[in-house]
Amino acid sequence: MTTVHEPAITTTAHELSVWPASTTEPHPGELAVGGVPLAEIAERFGTPVYVLDEAEVRDRCRTYRDAFPDAEVLYAAKAFLCRAMVHWMEEEGLGLDVCSAGELELAVTTGFPAGKIVLHGNAKSPRDLETALRLGVGRIVIDSPSEIARLAAAVGPEGHQKVMVRVVPGIHAGGHEKIRTGTEDQKFGLSISDGYAQHAIARILDQPQLELTGLHCHLGSQITSVKPYLQAIRRLVGLMARLHEQHGLVLPELDLGGGHGIAYRPGEQAMDLTTLARKVRAELAEACASAGIAVPRLIIEPGRAIAGPAGVALYHVLAVKRTGSHTFVAVDGGMSDNPRPALYGVRYEPRLVGRRGSSILHPVTVVGRHCEAGDVLATDVDLPDDVRPGDLLAVPVAGAYHLSMASGYNMVGRPPVTAVKQGHARLLVRRESLDDIRRRDVGL
């Protein structure tokens, strides 16, 4: 009797283009990241589980430092933050951009210098401001006129705090309407066009305990074109020139935010960082020369572009259901650990790992375990037609806005975070247990 062996499917470089650079395939279908087989991580830590490639995070930090050698690079902590991440950012020479007392305290209690941290947010709570002042945060970004008096009072007549003003340049940019923040019709910042930004700045200048160091803007997220940033520079420098003319004010800093787009699936466009850095520097120098003002120090705030491609999410398949023309593959996670597909319609490309699947691929919809029809992780993705319960699925580009946006929906508990490096895996954030959930419930 002749045994027919199914031909091995070799994973191409194109297919791995959105995976961490350390990703290898020791055997067909058995992917490893950072020298650690993903199936081994799933067995050791359970699923769902996030995997973070430490080397990939550090390499992306260095890429930013090399591309913007004269700029201040702040990691946007909202993308993902834990104590290890704080430690890596400090070692790689980045500052931090935080938006809550929680993020700020985690960073400072880990040992990160408070002076290298910027606090922003459209509606900072009294606790946010009190914590920032108590810990000595480097700068506070003012986002609304009401914050000026509140902050000045909290600082006190003998105190001192460096501040920036977040302005709205009126530019449409970003991958989805819900992540576009440079337009006039959203909650962030103060508009240049209607004069609110100029009015707020004049009020800040009347507060001697507040030192205005620069302007801040953030156009949105998942921006893959350089053009919006160049438009923003021209409008912000124009405002800086008017402030110099009216108040004799020379602002030493200009924060362009982040939002640099990354590819979530092979073939998708990502921001060309080298081109961005070159054109931003040239545009800033030219605009300032034309306006007759000194070139401010540039600040940028990458978050997703550092953490996102370094992460992988692992799930076990719980059920495969064929109904009509659709095949649903249900996994043991979902919108509680990744709400982005439901919020923004983000598309991922999961793949079977841990074994060699059939060479015949079939379009399926990967869904979560939650009692919600919108709990979909990936629509119309090709998986082997022999995918079955117990299989392991891996989702690349899962390092940003997964755990940071995770919820307690259906009380399933948030997944753990592991780090891989040089063949070793370690736990960074433990799994949220049912005991954790019960301890918070003190109502009886």
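A residue is called buried when its relative accessible area is under 20%, exposed when over 50%, and partly exposed in between (1.4 Å probe, protein chains only). The model is predicted, so local features need pLDDT of at least 70 and side-chain atom pairs count only at pLDDT 80 or more, while totals for chains, interfaces and linings use all residues. Residues are numbered from 1 along each chain as its sequence is written, and side-chain values use heavy atoms, with hydrogens and water left out.

A search of the whole structure found 22 salt bridges, a salt bridge being a side-chain nitrogen of Lys or Arg within 4 Å of a carboxyl oxygen of Asp or Glu. One of them joins R60 to E56, with 2.9 Å between the closest N and O atoms. Both residues lie in helix α2 (residues 54–67), 4 residues apart, or about one turn of the helix; helices (H or I, at least four residues) and strands (E, at least two) are DSSP runs, numbered from the N terminus. E56 counts as buried because its relative accessibility is 9%, whereas R60, at 26%, counts as partly exposed.

A salt bridge also forms between R297 and E72, whose closest N and O atoms are 3.8 Å apart. This pair links distant parts of the chain, with R297 in strand β13 (residues 297–300) and E72 in strand β5 (residues 72–76), 225 residues apart. E72 is buried at 13% relative accessible area, and R297 is partly exposed at 42%.

D53 lies in strand β4 (residues 49–53). D53 is buried yet has no salt bridge. The nearest side chain of opposite charge (Lys and Arg count as positive and Asp and Glu as negative; His and the chain ends are not counted) is R58, 8.8 Å away.
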